[in-house]
Amino acid sequence: DPRFHVTRVDIDREGPTYTVDTLRELQDQFDRDNPGQEAEWYFITGADAMLEILDWKDPQEVLSSAHFIAASRPGYDLTRFEKAGPARDAGVSMMSIPALAISSTDVRERIHDGRPIRYLVPEGVKSYIEKAALYR
């Protein structure tokens with residue numbers, strides 16, 4: 001999709017990676033590269049992560065830095081999130097994705113345990129993980 005852009009912000013940063021820092025850096029980069037222009041920021045994440053967002057570093061800044069879209073996952077009930085005051089007030093959108101039962105945690109655990117990830121991630125991602133020996 002030409003509206004999407006791949007970045008290495010999290011990969012190139014040393015130390016722990018926090019969403020609030022990533023959003024700040026991406027917005028700073030955009031402002032430097034596009035003076036005077038504005039952009040709408042969207043953060044698409046799984047329902048499991050959305051249910052934990054209030055425990056992230058600087059959650060109010062995170063929620064105010066981008067429009068969050070929570071993608072449904074089997075076994076996660078987002079109604080309690082929708083009813084939570086700070087999260088509700090942030091205007092998070094819910095996106096229903098039927099039968100999406102793949103989580104990044106599961107993929108990492110499968111790799112660590114030597115189990116296959118074929119068909120769980122795109123082939124290019126699988127190849128990169130194997131070449132870089134990630135999550136072993």
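The buried residues of helix 2 (19-33) are covered by, among others, helix 1 (9-12), strand 1 (42-46) and helix 4; buried here means under 20% relative accessible area, with a 1.4 Å probe and protein chains only. On helix 2 itself, the buried set is Val20, Asp21, Thr22, Leu23 and Leu26. This is a predicted model, where local features need pLDDT of at least 70, side-chain atom pairs count only at pLDDT 80 or more, and totals for chains, interfaces and linings use all residues. Numbering runs from 1 along each chain as its sequence is written, and side-chain values use heavy atoms, leaving out hydrogens and water.

Helix 2 is 15 residues long and spans 21 Å from first to last C-alpha, close to the expected 21 Å, which is 1.5 Å times one less than the number of residues.

Val20 and Leu23 turn up again in the largest nonpolar core, a group of 10 residues that also takes in Met50, Ile53, Val62, Leu63, Ala66, Phe68, Ala70 and Val92. Such a core is a set of buried Ala, Val, Leu, Ile, Met, Phe, Trp, Tyr and Cys residues joined through side-chain atoms within 4.5 Å. Helix 2, helix 4 (59-65) and strand 2 (67-71) each give two or more residues to this core. A second, separate core has 5 residues, including Val107, Ile111, Ile117 and Ile129.

Zooming out, the protein chain has 8 helices and 3 strands, taken as DSSP runs (helices H or I, at least four residues; strands E, at least two) and numbered from the N terminus. Of its 136 residues, 26% count as buried.

Technical notes: Buried < 20%, exposed > 50% of the residue type's maximum accessible area, 1.4 Å probe, protein only. Contact = heavy atoms within 4.5 Å.
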